[in-house]
Amino acid sequence: MKISDTDSASCYEDTTGKLIGSQLVRTHFFVSPGGRYRAYVDVEAVASKSKTSSDWDCASTSRLFLAAVDQPFREVLVVAPTSDAMGNSLGIVDWSPDGRTLLVAQGVFQWGSDFGTSFVRFYNAESGAISDPELVDAAFRARAGTTCAVVIEPRGFSEYGQFVLKASPFFMMGEEKPEEDSCVKEQGLWLFDSATRKLVPLREDYKVQRYGKFESLSLK
C-alpha cells in the first residue's frame, strides 16, 4: 500500500506505460475544522489478464471513508469500474468552514484512451447525504439555457460555505478552439450555492482559503 495525498492508482508506470501490476493508494487523514470529522480515500487499481486479448486489463475502485471523533471509519462513497470507464479517482478538496460538508473531486476515465470526465461531489457528515454527480453540471446547463460542455474543477469553499469552482471551456483533444456547445468562453472562478443551485462569477484575484488539514495516517 502506498500512502499519498494523490487521488489515483494505476497498474502502469507513468512515464513508460509499462505494466507494474496492482496498486493500492491511500491518502492521509483530512481533518475538519474543530476536529470533529476525519476522512480519507483509497483507490485500488487491480491488474488482470484480459478475457478478450493477450493484454492485461486494469480496473479501479475508489472509496471515500469518514469518521466522527472517537467513532470507527465507515464507507460513504464507492466509485466502481464500468466497461466504458475502467479507471476512476476520488480527491479530497476541503472541508467547509463549519466542518460539516466535505468537497470531493471524482474522475472517471478509460485506460489507454482520451476518454475522461470529472464530477464535483459533496458529502454532508451530519445527514449522511452524498450529492448527485450531475448537480453542478446541471447548474451550468440551467444558467446557459442549453446543452453545456464545460470543464469544472472544485477549488474549495467561500467563508460563507458556498463552493468555489474553476470553470474552463471544453476542448476536444488536439483542437485549438473550444467546442460549439462550450458554455464558458474563458477560464474563471465561480461561486455555487448548493441550496439555491445558483452560480455567481467571481473576480480573477479571489483567494481560496483552506479550512481542513491533513494529518499522518493511522488506522487505529
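Strands are DSSP runs of at least two residues, numbered from the N terminus. In this predicted model, Asp42 belongs to strand S4, which covers residues 37-49. Because buried means under 20% relative accessible area, Asp42 counts as buried at 5% relative accessibility. Its side chain makes a polar contact of 3.1 Å with that of Arg26. Beyond its neighbours within four places in sequence, Asp42 is in contact with several residues, including Leu24, Val25, Thr61 and Phe65.

Arg63 is also among the residues in contact with Asp42. The side chain of Arg63 meets that of Glu75 in a salt bridge, with N to O at 3.1 Å. This pair links distant parts of the chain, since Arg63 lies in strand S5 and Glu75 in strand S6 (residues 74-79), twelve residues apart. Arg63 is partly exposed at 25% relative accessibility, and Glu75 is partly exposed at 43%.

The structure holds nine salt bridges. Another of them joins the side chains of Arg36 and Glu126 at 3.2 Å, N to O. Arg36 lies in the loop between strands S3 and S4 and Glu126 in the loop between strands S9 and S10, so the pair ties together parts that are 90 residues apart in sequence. Arg36 and Glu126 also belong, with Arg100, to a network of salt bridges.

A covalent link remains to be described. The whole structure contains one disulfide, which joins Cys11 to Cys58 with an S to S distance of 2.1 Å.

Note on methods:
Residues are numbered from 1 along each chain as its sequence is written. This is a predicted model: local features need pLDDT of at least 70, side-chain atom pairs count only at pLDDT 80 or more; totals for chains, interfaces and linings use all residues. Side-chain values use heavy atoms; hydrogens and water are left out. A disulfide is a pair of cysteine sulfur atoms within 2.5 Å. Helices (H or I, at least four residues) and strands (E, at least two) are DSSP runs, numbered from the N terminus. Buried means under 20% relative accessible area, exposed over 50%, partly exposed in between (1.4 Å probe, protein chains only). A polar contact is a pair of N or O atoms within 3.5 Å; within protein, one must be able to donate a hydrogen and the other to accept it, and residues adjacent in sequence count only if both atoms are side-chain atoms. Contact means heavy atoms within 4.5 Å. A salt bridge is a side-chain nitrogen of Lys or Arg within 4 Å of a carboxyl oxygen of Asp or Glu.
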